[in-house]
2 protein chains.
Amino acid sequence: MSSQAPHPTLLIPGPIEFDDAVLQSMSHYSESHVGAGFVKIFGETLSLLRQVVRSTDPNAQPFIINGSGTLGWDLVAANLVEAGEDVLVLSSGYFGDRFADCLTQYGAKVTKLDGPVGGVPSTAEIEKALSEKKFKLVTATHVDTSTGVLFNLKTLTQSVKKVSPDTLVIADGVCSVACEELAFDDWGLDGVITAGQKAIGAPAGLSISFFSGRAVEVAHNRKIPAAAYFANIKNWTPIMKNYEAGKPSYFSTPSPQLIHALNTAFKQLLTNGIDHRIAKHVEVSNYVKKSIADLGLKPVASKKEDQSHAMTAIYLPEGVGATDVLPKLLSKGVIFAAGLHATIGAKYIRFGHMGISAVNSNRGDIDKALNALKESLNECGYKA
Amino acid sequence: MSSQAPHPTLLIPGPIEFDDAVLQSMSHYSESHVGAGFVKIFGETLSLLRQVVRSTDPNAQPFIINGSGTLGWDLVAANLVEAGEDVLVLSSGYFGDRFADCLTQYGAKVTKLDGPVGGVPSTAEIEKALSEKKFKLVTATHVDTSTGVLFNLKTLTQSVKKVSPDTLVIADGVCSVACEELAFDDWGLDGVITAGQKAIGAPAGLSISFFSGRAVEVAHNRKIPAAAYFANIKNWTPIMKNYEAGKPSYFSTPSPQLIHALNTAFKQLLTNGIDHRIAKHVEVSNYVKKSIADLGLKPVASKKEDQSHAMTAIYLPEGVGATDVLPKLLSKGVIFAAGLHATIGAKYIRFGHMGISAVNSNRGDIDKALNALKESLNECGYKA
């Protein structure tokens with residue numbers, strides 16, 4: 001039985017429900033951030049991140065920093081691009097657009113390729129853009145949390161290798177790491193940024209990122225030093241290397257409790273191998289998509305190959321608003337998120353099916369949510 | 001009895017020991033960052049911060065952001081100064097120097113006034129510097145964690161008002177907020193940056209700051225937009241205002257568990273009024289300083305008026321190194337920190353006496369530490 005107080009099931013696209021052991025790790029007594037016990041846990045956690053993103057490249061570098069997913073954009077924008085350099089941003093919703101905003105804020109010259117609402121920019125468009133200009137880096141949102149659209153990173157890296165091999169490939173993996181197929185080394189990615197509170201299943205408060213050796217070199221060999229201090233990769237690289245080597249190091253105080261929770265979450269998700277975890281998310285996602293279709297509803301991500309396995313953005317029936325449905329869901333003990341997209345905002349809701357809610361079917365979270373959705377829509381006058 | 005597992009008493013200058021209720025707040029079940037329950041707690045926590053820094057000015061603005069103390073420097077450097085503008089940094093150790101580094105990294109022209117080792121720059125020196133050049137802002141480390149030196153912010157604000165009233169006054173209060181006298185409105189401060197894990201007694205992972213109305217205006221009315229995204233005050237101001245007004249808002253996912261813990265910590269420290277808490281720290285600090293003197297030892301902060309009440313940096317006896325004493329202290333269940341100062345690093349150790357260890361004398365942390373110190377020094381051949 002759960003040690004947590006009774007509460008509505010949180011099925012938004014992050015933060016997600018916690019496993020008891022993860023949450024209990026947050027209650028670890030106070031430790032020195034440079035004491036032997038914490039150094040061991042932090043170093044181990046950094047090494048586990050390598051497994052989570054499937055990298056064995058010793059030149060690639062994990063970073064785990066107090067912050068949120070947003071800070072990952074700053075790590076990329078402040079360190080890997082210099083003012084005036086060109087960046088290609090592939091957007092499939094709100095978070096792709098925001099990544100572009102962040103890059104622009106730091107002085108990058110951003111070319112943004114938007115997918116249609118609920119879709120992704122095509123490979124032909126991307127290859128055309130890559131061939132027209134020399135881009136320092138290309139970014140893609142692996143799963144855009146606003147639309148539930150999945151971007152094919154494998155195809156993207158193949159395009160970049162073919163058309164513009166010097167261009168760094170950076171993935172926003174906030175809503176994809178630990179639930180979508182991702183092979184850092186095999187695909188030749190240069191960066192994945194993520195956060196703890198989505199499919200990883202840890203509490204919010206950590207910016208988690210992983211950069212290739214050549215990306216780290218770019219950060220260290222800039223012509224003009226990055227005008228950033230906390231988000232400066234140069235300041236963090238030696239710290240992370242030291243911790244992973246079992247040596248204490250100090251740039252800024254890490255959060256022992258969050259690191260303990262992340263350590264527990266990583267160990268849990270690697271127990272049966274990352275393949276198993278991803279397969280489970282695919283299975284649950286397919287079940288959700290089928291159930292949604294059975295209710296006569298459509299996902300925002302229109303094509304099957306563009307559908308995330310982390311979450312489903314669901315168009316509401318004509319005449320039913322998110323502000324009608326969400327309180328009814330809550331009254332049935334289920335929390336979904338409202339829409340978050342400039343053009344279709346009020347017309348859809350978002351159902352996160354990540355982490356323990358997807359992996360541990362004994363909890364019954366998914367069926368509880370689907371039943372609550374059906375009932376709530378009925379109460380709104382829609383006969384599913 | 002504590003619900004925490006047995007562990008050595010952590011008496012470094014942060015993170016500090018936790019009260020059980022604070023730590024238990026970290027185990028809060030998962031919530032939506034825009035759900036009604038969390039909005040209420042976050043809004044309330046922001047309002048409580050006003051009380052902690054003694055401000056009733058409605059134009060002043062609290063910010064609580066995922067990050068560490070270091071991020072506070074970025075908030076100041078990225079937002080309140082433009083490239084090429086002059087900043088006066090008053091340093092009494094490692095953290096003053098680092099604040100200067102951060103400002104320089106963002107393009108500020110830094111003039112640094114150093115105190116002597118264990119002391120502060122004099123008022124005469126400061127007024128002279130302020131009169132020679134127009135500084136956009138002046139920064140001071142209220143308590144420098146490397147030396148235990150306390151800076152007199154009240155005198156500083158008087159000097160600035162007299163000599164250069166347009167200059168913003170920013171205090172690094174990481175190691176002072178909730179244990180040293182601090183009157184934001186009365187003294188006319190423009191910014192205090194801090195973190196949860198020191199005298200506030202919350203877990204690490206939050207950057208906590210408070211800016212005057214005119215500082216926030218400076219951030220919003222820059223000539224050139226800040227080249228920062230996560231550390232951009234403009235991005236956070238509407239979010240913080242909304243939460244405090246009880247309205248959900250989104251820029252970047254906050255950490256519900258850390259906010260719950262901070263809320264508990266704030267409520268605890270305000271229970272008997274902030275005056276009471278500060279008086280308790282003064283009392284314990286005086287007791288520690290006297291006990292250290294009785295052992296024949298000297299604090300790094302040489303003058304009484306420059307001695308922090310948060311911690312004591314203690315010179316070791318001739319021939320005894322930190323690497324000798326610290327393991328002996330640990331074997332007696334007490335953790336102190338090593339030195340952290342360029343010129344005297346190995347010659348001293350640091351004893352944090354903040355938060356619950358200072359306020360709750362029933363714990364016996366302070367006497368346990370003093371006894372352990374005496375025994376450890378004896379074992380090192382020093383007869384106290």
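Between domain 1 and domain 2 of chain A, the count is 1 salt bridge (a side-chain nitrogen of Lys or Arg within 4 Å of a carboxyl oxygen of Asp or Glu). In a salt bridge, the side chains of R54(A) and D275(A) meet at 2.8 Å, N to O. On the side of domain 1 of chain A that touches domain 2 of chain A, helix 11 (274-294), strand 11 (311-315) and strand 14 (348-352) of chain A each give two or more residues. Helix 11 of chain A gives the largest share, 5 residues. Helices (H or I, at least four residues) and strands (E, at least two) are DSSP runs, numbered from the N terminus.

The model is predicted: local features need pLDDT of at least 70, side-chain atom pairs count only at pLDDT 80 or more, and totals for chains, interfaces and linings use all residues. Residues are numbered from 1 along each chain as its sequence is written, chains are lettered from A and ligands numbered from 1 in the order in which they are written, and side-chain values use heavy atoms, without hydrogens and water.

Domain 1 of chain A spans 9-17 + 273-380, and domain 2 spans 24-271; the bounds come from an automatic or database domain assignment. Their centres, taken over C-alpha atoms, are separated by 26 Å. In domain 1 of chain A, 30 residues are in contact with 31 residues of domain 2 of chain A (heavy atoms within 4.5 Å).

In chain B, 7 strands form an open sheet with mixed pairing, in the order 2-10-9-8-5-3-4 (strands pair if DSSP finds at least two bridges between them). Strand 2 (61-66) and strand 4 (109-114) of chain B are the edge strands. Strand 3 (residues 86-91) of chain B runs parallel to strand 4 of chain B, joined by 6 bridges. V110(B) in strand 4 is the bridge partner of V87(B).
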